[in-house]
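Hi,

Here is the structure I promised to pass along. Please have a look at it first, and then read on for what turned up.

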Amino acid sequence: MYLKNTLLKIVLAAMATFAVSASALFSQTVIKVQSVIPATADEVVMLNEFGADVAALTNNEVIIEVLPAGAVVGVGDTLDAVDQGLIDGGFAWTHYWSGKHPAAMLFGSPVAGAGVGIDNIAFLSWFLYGGGKELYDQLWDEMGVNVKGFMLQPVGPEALGWFKEPINSMDDFRKYRFRAPPGIPGQTYKDIGVASVAMGGGDILPALEQGTIDAAEWCCPKPDSVFGFQKVLKNYYLQGLHQVVVNADIYINGDVYDSLTDHQKKAIEVAANASLTKALGYRIYENGKALKDLTENHGVILHDTPADYFPAYMNAARATLEKNAADNAFFAEVWNSQRAFAEIAVPFWAGAQTSNAQLGKAFADSLKQ
């Protein structure tokens, strides 16, 4: 009996020691990420899905907690707050930070397909296999910020936008105060005579309601409908060049990222790569459903973009790209990388996509009959 009791005490003591050790080994890192857009936005839906993947891949050792725009700092201060450690992470579009470095645009929103015909899928090919990711990692050093970035949500091409009245030419377009993306895409609108105004996503609808702006772009049918543009404007134009490619990213404070284990870092990378594909798949179906709903149930009228928009915007975009490349060595390095990639990939991809576009158009036209 004594021996049994002694053995039982030893076993219980060992179990208790193991439980304490296991508890000590498990530590949870909560990365609080402030978004630049409201919690209801479509992009945040996908950001939360990315967070769920990170949690699953790390056995809940790393939790991504999403905070809405303005929860800690203003939208425009998001990247600086991540850099300074005021927030663990941020979620935005990298072209938002073009004021820190012009090359940010080439990653977040390469204007007019970087002027070399790169669409959203070809961009991923450049990013993953054409040297883009290495340049993206270098961007943060060029900016001088303590940040580790991950590209999450590619989309494009974005809609030209929403207008009070139909526009039949660039002369009509120039009558409006137009919300455009920050940085070079918005500047290119100014270069062709459009009174573009840059503002964060959460400010757009109030500005339209108050008459601060007369027209606006945001993204695509689903995110646009979530924002509620259809409540204020009814004329919608799908084809635009300002953001043929656009990518939403997560930024993690460098010290927070360095505190993670190699496995946890790899889990974030794998979840980010998965998010690239998920975002593309999610967007096509959700945008299709939203466009059908907008036109059938909300009185939205879908128009073709005026033909004189395309040469005007493309020519201005190319001139801006050339100027920035001449003025900034890293901008030139990134753009030259995209051009070298495009010379190889775009002739193939554009040719293949022509078949896809004609196939889709034939079916879409059949629905109108």
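**Lys-222 and its surroundings**

Leaving aside residues up to four places away in sequence, Lys-222 touches Asp-42, Tyr-282, Glu-286, Asn-287 and Ala-290, where a contact means heavy atoms within 4.5 Å. Lys-222 sits in helix H11 (residues 221-227); helices (H or I, at least four residues) and strands (E, at least two) are DSSP runs, numbered from the N terminus. With a relative accessible area of 17%, Lys-222 is buried (buried is under 20% relative accessible area, exposed is over 50%, and partly exposed is in between, with a 1.4 Å probe and protein chains only).

**How to read the model**

This is a predicted model, in which local features need pLDDT of at least 70 and side-chain atom pairs count only at pLDDT 80 or more, while totals for chains, interfaces and linings use all residues. Residues are numbered from 1 along each chain as its sequence is written, and side-chain values use heavy atoms, with hydrogens and water left out.

The chain averages a pLDDT of 91, and 93% of the residues score at least 70; pLDDT is the predictor's confidence in each residue, from 0 to 100. Over residues 17-24, pLDDT stays under 50, and the model has zero contacts there beyond four places in sequence. Where pLDDT is low, the predicted coordinates should not be read in detail.

**The chain as a whole**

There are 15 helices and eleven strands in the chain. Its C-alpha atoms fill a box of roughly 95 × 50 × 45 Å along the principal axes. Of the 369 residues in the chain, 50% are buried. Among contacts with a separation of 6 or more, 79% come from residues 24 or more positions apart.

**Pocket and cavities**

You will want the rules for these. On a 1 Å grid over the protein atoms alone, a cavity is a set of points where a 1.4 Å probe fits but cannot get out, and a pocket is an open set with protein on both sides within 12 Å along at least five of seven lines; lining residues have an atom within 4 Å of a point. Grid points are joined across faces, edges and corners, and a volume is the space filled by probe spheres set on the points.

The largest pocket holds about 2,100 Å³ of space. It is lined by 48 residues, and the closest to its centre are Pro-157, Leu-238, Gln-239, Leu-291 and Ala-364. Helix H15 gives the most to this lining, with 14 residues; H5, H13 and H14 are among the other elements that each supply at least two. The lining of the largest pocket divides into 25 nonpolar, 15 polar and eight charged residues (Ala, Val, Leu, Ile, Met, Phe, Trp, Tyr, Cys and Pro count as nonpolar, Asp, Glu, Lys and Arg as charged, and the others, Gly among them, as polar).

Pro-157 has another feature: the peptide bond from Gly-156 to Pro-157 is cis, with omega near -5°. Pro-157 is in the loop between S4 and strand S5 (161-163).

Three cavities of 30 Å³ or more were counted. The largest cavity has a volume of about 90 Å³, and its lining includes Glu-43, Trp-93, Arg-179 and Gln-243. The second largest cavity has a volume of about 70 Å³. Helix H7 (132-143), S4 and H13 each supply at least two residues of its lining, which divides into five nonpolar, two polar and three charged.

**Aromatic pairs and backbone angles**

The count comes to 30 aromatic pairs (rings of Phe, Tyr and Trp, the last by its six-membered ring, pair if their centres lie within 6.5 Å; planes under 30 degrees apart are stacked, over 60 edge-to-face, and the rest tilted). Phe-173 and Phe-178 have ring centres 5.1 Å apart and planes at 85°, so this pair is edge-to-face. Both Phe-173 and Phe-178 are buried. The rings of Tyr-309 and Tyr-313 are stacked, because their centres are 5.6 Å apart and their planes at 25°. These two tyrosines are four residues apart in helix H14, so about one helical turn separates Tyr-309 and Tyr-313.

Two residues other than glycine have positive phi. For Asn-59, phi is near 55°, and at 59% relative accessibility Asn-59 is exposed. For Ala-114, phi is near 60°; Ala-114 is found in helix H5 and is buried, at 1% relative accessibility.

Best wishes
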